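Please go through the structure below with this briefing at hand.

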Amino acid sequence: MNPELPLLNQIDVASPCTASWEEMDGDERVRFCSLCRLNVYNLSEMPREEAEDLVRSREGRLCVRFYRRPDGTMLTRDCPVGIRALRQRLVRAVAAIAGLVVAMVSGSLFANMFGRHKPAGYQPPASAFSNWIDPYRNYSAVAGRMVFTVGDVCIPTVTPQPPPPAPANNGSEPAPPAGE
Amino acid sequence: MTRLLAVTTAAERLLIVFTAALVLALHLGGMLAPQWLVAAIPLGVDVQPLLPPAQLILLIAWTILGPGRLWVRLVAAPALAVVLAAGWAVGSGGAMELPGNWLVTAGIAAAALALSIRCCGQRLAASRPDSAKAPRHPQFSIRMLIILTTLVAVVLGILESLRPMLRNDQELSMYLERLLASRLEAGFLSGYFSDISIRQYVLAAAVAGTSLAALWCVLRPGAMWLRLIVAAVCLPLLGIYLANLSGGARDVSVNLAIGLTTLAAIVGLSVVPLRLAGVRLARPRRTGFKPVLSKISEDRLKTCPTKDRLKTCPTELVPETVS
């Protein structure tokens with residue numbers, strides 16, 4: 001072990017284990033592995049000093065879990081970059097929640113105001129779509145406007161009606177001639 | 001998704017759950033709520049009839065652009081469509097304000113647009129928040145500018161060529177006959193395209209385009225405020241332009257502008273929880289998760305003092321780009 005290098009950066013995996021962290025009982029810092037009956041310590045959830053103290057106190061005989069960055073260094077809870085990123089994400093999330101609440105309140109206020117004072121000629125969007133596709137589908141949609149019809153006049157032909165049947169006659173009066 | 005939620009903070013998780021519940025309430029409430037309740041909610045009557053096309057386009061976008069295996073989504077999509085149709089038939093009493101054949105046309109247009117997006121390599125994929133970062137300043141390549149202006153010019157050219165037909169509300173068959181009259185006998189087309197007005201096609205394409213534009217604005221990587229501003233300007237302009245093409249009055253243009261913007265807002269709001277959960281519409285990066293395994297030579301183990309031999313549990317998964 002190189003004493004000049006940070007202890008945590010020199011930790012290596014000697015005997016890889018496939019036990020699932022999610023299935024172990026415990027919190028984010030330490031969980032109990034029922035397979036080995038050992039406590040597994042999450043070094044990445046501890047500050048650097050605490051993690052180093054833990055490794056030193058157990059003289060390396062312990063089961064740990066950690067996140068290693070691509071450059072080989074170990075992530076600890078007090079990593080300044082990680083804390084800054086976490087803080088930024090927290091601020092962003094709080095700002096987003098606040099923005100959502102403001103948008104909902106202002107949207108409902110706008111909806112109330114718009115519902116009371118709709119502009120003249122306003123149609124709901126679906127009606128606007130339907131009437132644009134087929135303006136004469138619903139006459140009420142164009143009833144407010146004057147619609148002029150232009151084209152050749154087609155006069156329906158008048159067919160002669162047959163004469164009504166003669167009423168029943170008892171023979172005292174002659175029936176009037178047809179056409180009168 | 002579980003992996004994504006695992007890397008979020010409690011506030012972020014709360015935000016995701018809250019917005020997802022809001023979106024679900026909007027869609028399910030609009031579908032199943034009685035009419036008196038819809039009428040009691042401000043703008044409820046205006047928004048509710050736009051939910052079926054929004055849901056249909058979202059379903060199509062998920063089917064074509066969604067993550068995972070395509071065949072699973074292709075099997076699931078018709079079943080979901082049936083569930084949606086049944087929900088609307090039960091909820092709204094079967095009285096849909098928008099014509100059914102127009103909805104089908106809009107669905108086909110949305111599928112065509114989503115397919116073209118997929119052909120460009122864009123997919124909906126879950127990405128870790130850290131890797132979803134994009135350049136802070138919007139960047140445009142010359143190639144993208146050329147493609148965009150060409151597309152706009154082509155669309156405007158097609159719409160301008162359709163202007164007389166749109167103004168007179170004619171059928172597509174008449175347009176095709178006029179287009180092809182001098183070259184071939186297009187009479188056989190009349191039977192197929194009769195009774196379908198050109199306006200129906202144009203509006204279906206416009207609705208599909210605006211909905212997918214809203215999805216694009218919300219789910220693309222990087223800050224979305226600039227895209228939202230551009231969309232907020234362009235979508236009403238599209239409605240006004242369509243009304244101008246058809247020779248409609250001022251109120252028609254205002255109504256179309258409001259309608260297209262409202263539909264885009266519904267689609268955009270519906271995918272906000274996905275954005276919060278880290279889903280982005282982008283070229284998928286081939287990433288995998290593989291356990292941290294360090295190989296230590298036997299010689300080193302032998303020379304290592306006892307106290308430095310750590311028995312470790314390398315259960316942490318570290319993202320690693322697979323080349």
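Is B:Glu160 buried, partly exposed or exposed? B:Glu160 counts as partly exposed, because its relative accessibility is 36%. The model is predicted. B:Glu160 also takes part in a salt bridge, and its partner is B:Arg163.

**Salt bridges**

- The count over all chains comes to four salt bridges.
- Side chains of opposite charge can pair when their charged atoms come close.
- B:Glu160 and B:Arg163 meet through their side chains at 3.0 Å, N to O.
- A:Glu28 and A:Arg31 form a salt bridge at 2.9 Å, N to O.
- A:Glu28 is partly exposed, at 42% relative accessibility.
- A:Arg31 is buried, with a relative accessible area of 9%.
- A:Arg56 and A:Asp53 form a salt bridge at 4.0 Å, N to O.
- Both A:Arg56 and A:Asp53 sit in helix α1 (residues 48–57) of chain A. They are three residues apart, about one turn of the helix.
- An α-helix has 3.6 residues a turn, so residues three or four places apart point the same way.
- A:Asp53 is partly exposed, at 46% relative accessible area.

**Cysteines**

- The disulfide count over all chains is zero.
- A:Cys33 is in no disulfide. The nearest cysteine sulfur belongs to A:Cys36 and is 4.0 Å away.
- A:Cys33 counts as buried, because its relative accessibility is 2%.
- B:Cys234 is in no disulfide either. The nearest cysteine sulfur is that of B:Cys217, 9.0 Å away.
- B:Cys234 is partly exposed, with 43% relative accessible area.

**Helix α7 of chain B**

- Helix α7 spans residues 100–119 of chain B and has 20 residues.
- From its first C-alpha to its last, α7(B) reaches 29 Å. This is close to the 28 Å expected at 1.5 Å a residue.
- Buried residues in α7(B) include B:Trp102, B:Leu103, B:Ile117 and B:Arg118. B:Gly107, B:Ala109, B:Ala110 and B:Ala114 are also among them.
- The cover over the buried residues of α7(B) comes in part from another chain: it includes α3 (125–133) of chain A. From chain B it includes α5 (51–65), α6 (70–91), β1 (123–126) and α12 (198–219).
- B:Gly121 follows α7(B) and has a positive phi, near 95°.

**Surface patch on chain B**

- A nonpolar patch on the surface is formed by B:Trp225, B:Leu226, B:Ile229, B:Val230, B:Val233, B:Leu237 and B:Ile240.
- Together these residues have about 650 Å² of accessible area.
- B:Val230, one of the patch residues, lies in helix α13 (residues 225–245) of chain B.
- B:Val230 is partly exposed, at 44% relative accessible area.

**Chain A overall**

- Chain A has four helices and four strands.
- Along the sequence, the pattern is β-β-β-α-β-α-α-α.
- Of the 180 residues in chain A, 27% are buried.
- Take the contacts in chain A between residues at least 6 apart in sequence: 39% of them join residues at least 24 apart.
- The accessible surface of chain A comes to about 12900 Å². Carbon and sulfur atoms account for 59% of that surface.

Technical notes
Residues numbered from 1 in each chain as written. Chains lettered and ligands numbered in written order. Predicted model: local features only at pLDDT ≥ 70, side-chain atom pairs only at ≥ 80, totals over all residues. Heavy atoms only, no water. Patch = residues over 30% accessible without salt bridge, like charges linked within 9 Å, V, L, I, M, F, W, Y side chains within 5 Å. Areas by Shrake-Rupley, 256 points an atom, 1.4 Å probe, with all protein chains shown as cover. Helix = DSSP H or I, 4+ residues; strand = E, 2+ residues; numbered from the N terminus. Buried < 20%, exposed > 50% of the residue type's maximum accessible area, 1.4 Å probe, protein only. Expected span 1.5 Å × (residues − 1). Contact = heavy atoms within 4.5 Å. Disulfide = S-S within 2.5 Å.
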